[in-house]
Amino acid sequence: MLSLAFTPDGKFIFWGGDNHEVHWATRAGHNPLAWTFTGNNAPVNVLTFHPDGRSFACGGGGDGTLRLCSFDGQRVKEKAVLRQHTRAVNDVAFADDGLSFATVSDDKLAILWDGATGAVKKTWELRAPIHGVALAPDTRHVLLANAGGSIFILRLGEATALAQAR
């Protein structure tokens with residue numbers, strides 16, 4: 001198992017791993033179900049829910065492909081396939097308002113995405129692979145942690161000398 005998450009309402013648990021499947025069950029562990037990615041043979045490195053609880057981002061293993069999916073309490077449906085990263089995605093974070101989300105990867109890129117459409121809003125490139133990301137509640141700051149042990153705070157709308165916007 002490489003990734004796991006509760007739905008925001010706490011009713012379901014989700015997990016994914018090396019077998020390129022996403023599984024889910026009730027919080028009590030009843031009725032485990034599985035959804036297998038179509039056209040994907042990479043591990044599920046990340047799995048993060050949108051604040052609305054009805055959609056999530058998952059995947060990211062190997063080639064960096066990430067999927068936006070919907071969940072209606074019974075079924076998972078793929079909404080979009082995102083292929084901007086070229087290596088494994090290490091972390092995903094949704095903004096509290098759900099209007100955007102960020103991903104970071106071994107390809108040294110941090111990408112800010114539109115939470116509804118999956119369109120790229122902004123990209124930053126660091127000097128080392130990036131392992132962690134968080135979006136501030138004010139939705140104006142992105143926090144990045146790279147493999148070299150550095151933490152970067154980026155203000156949306158401007159590039160810094162530490163991370164140049166591409």
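Buried means under 20% relative accessible area, exposed means over 50%, and partly exposed lies in between. The model is predicted.

Q: Why is Arg67 called buried?
A: Arg67 has 2% relative accessibility. The cut-off for buried is under 20%. Therefore Arg67 counts as buried.

Q: What makes Arg67 and Glu78 a salt bridge?
A: Their side chains meet at 2.7 Å, N to O. A salt bridge needs an Arg or Lys side-chain nitrogen within 4 Å of a carboxyl oxygen of Asp or Glu, so the pair qualifies. This pair links distant parts of the chain. Arg67 sits in strand E7 (residues 66-71) and Glu78 in strand E8 (residues 76-82), eleven residues apart.

Q: Is Glu78 buried, exposed or partly exposed, and what is the value behind the label?
A: Glu78 has a relative accessible area of 29%.

Q: How many salt bridges does the structure hold, in total?
A: It holds three. Arg67 with Glu78 is one of them. Asp72 with Arg75 is another, with the closest N and O atoms 3.1 Å apart. Asp52 also forms one with Arg54, at 3.8 Å.

Q: How do you know that the Asp52 and Arg54 pair counts as a salt bridge?
A: The closest N and O atoms are 3.8 Å apart. The limit is within 4 Å, so the pair counts.

Q: What makes Arg54 exposed, and what is the label for Asp52?
A: Arg54 has a relative accessible area of 53%. Exposed means over 50%, so Arg54 is exposed. Asp52, at 30%, counts as partly exposed.

Q: Which labels do Asp72 and Arg75 get?
A: Asp72 is partly exposed at 48%. Arg75 is exposed at 56%. The line between those labels is 50%.

Q: How do you know whether Cys58 and Cys69 are buried or exposed?
A: Cys58 has a relative accessible area of 0%. Cys69 is also at 0%. Buried means under 20%, so both cysteines are buried.

Q: What makes E13 and E15 edge strands?
A: The open sheet has three strands in the order E13-E14-E15, with antiparallel pairing. Strand E13 (130-135) and strand E15 (151-155) each pair on one side only. The twist averages 20° from one strand to the next.

Q: How do you know that E14 and E15 pair?
A: Strand E14 (residues 141-146) and E15 share five bridges, in the antiparallel sense. Pairing needs at least two bridges, so these strands pair. Ala145 stands opposite Ile151 in E15.

Q: Which residues touch the most other members of the largest nonpolar core?
A: Val133, Val142 and Leu144 do, in a core of 15 residues. E13 gives the most to this core, with three residues. A second, separate core of 14 residues includes Trp35, Val44, Leu47 and Phe56.

Note on methods. Residues numbered from 1 in each chain as written. Predicted model: local features only at pLDDT ≥ 70, side-chain atom pairs only at ≥ 80, totals over all residues. Heavy atoms only, no water. Buried < 20%, exposed > 50% of the residue type's maximum accessible area, 1.4 Å probe, protein only. Helix = DSSP H or I, 4+ residues; strand = E, 2+ residues; numbered from the N terminus. Axes fitted to C-alpha atoms, helices over the stretch in contact; angles between N-to-C directions. Core = buried A, V, L, I, M, F, W, Y, C linked by side-chain atoms within 4.5 Å.
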